[in-house]
Amino acid sequence: MRKHRAPTTRATRRVSASATVAALGITALLGLASTAHADDGSSSGSVNFPADSLNTEAFNRIIHEPLDDFAKEEQANNPTGSNDPIVDNNGIRWDTDGCSDPTGLFGGGDARIACERHDVAFRTLQQNDLWNADSMNDANRNFTNDLSTLQQQGRIDEAQEVGLGVGAGVGSNLPSSVLGSEVNGLPQYDGSKGSPFDPQAGTDGAFQPSEGAR
């Protein structure tokens, strides 16, 4: 069974998956990360949600609940899969562009559920003026955890897990622009501090915002 695979075999397959990603070239990898979870600057300005609006309990619930439960909530809040801003009464943004994978190798199947939750996390942080290095890293960490869970369940392969995880991490840390030209589509940090993510929310059911969050 998958969960009993020998560590050496798993390590070998990890190296193989990493090599597959590297072989695609840095340009494709950066392209994957650049748009998969970026806010759509052309339309996000049309949403004006009140300050201090994010319900952190609701946010942590949808961020940490099982992916299939999240998918049902997303379908209810964004039934057409729109990439135009959709904000609910808890301050959570449900719009998404899925896995923007220019290589066509990583984003298929159930990987899309993880990508969409990553979109919701990024855009909700940006919507509520909680977009900073700490909150972004928490969102990326949650994304890689989702990918790992899907891979362990046999729902995505290891190349998808590695490719999407590495791509999002690299793209999220690129500068927003260089010499006036957009690089990765993510907005500049908004000056906030702290993160609304509760690392214990997924295990103890207690949804408490971390220090610095509203």
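**Stop 1: colour by confidence**

Start with the whole chain, coloured by pLDDT. The average is 79, and 70% of the residues score at least 70. Now select residues 1-12, where pLDDT stays under 50. The model has nine contacts beyond four places in sequence for residues 1-12. Then move to residues 210-214, another stretch with pLDDT under 50; here the model has 17 such contacts, again counted beyond four places in sequence. Where pLDDT is low, the predicted coordinates should not be read in detail.

**Stop 2: the disulfide**

How many disulfides does a search of the whole structure find? The search finds one. Select Cys99 and Cys115 and show their side chains: these are the two partners, with an S to S distance of 1.8 Å. Cys99 sits in the loop between α5 (67-77) and α6 (111-127), while Cys115 belongs to helix α6. The pair is 16 residues apart and links distant parts of the chain.

While you have these atoms displayed, check the torsion about the S-S bond. For Cys99 and Cys115 it is about 100°, so the disulfide is right-handed. Are the two cysteines buried or exposed? Both Cys99 and Cys115 are buried.

**Stop 3**

With a relative accessible area of 42%, Val178 is partly exposed.

Note on methods. Residues are numbered from 1 along each chain as its sequence is written. This is a predicted model: local features need pLDDT of at least 70, side-chain atom pairs count only at pLDDT 80 or more; totals for chains, interfaces and linings use all residues. Side-chain values use heavy atoms; hydrogens and water are left out. Buried means under 20% relative accessible area, exposed over 50%, partly exposed in between (1.4 Å probe, protein chains only). A disulfide is a pair of cysteine sulfur atoms within 2.5 Å. Helices (H or I, at least four residues) and strands (E, at least two) are DSSP runs, numbered from the N terminus. pLDDT is the predictor's confidence in each residue, from 0 to 100. Contact means heavy atoms within 4.5 Å.
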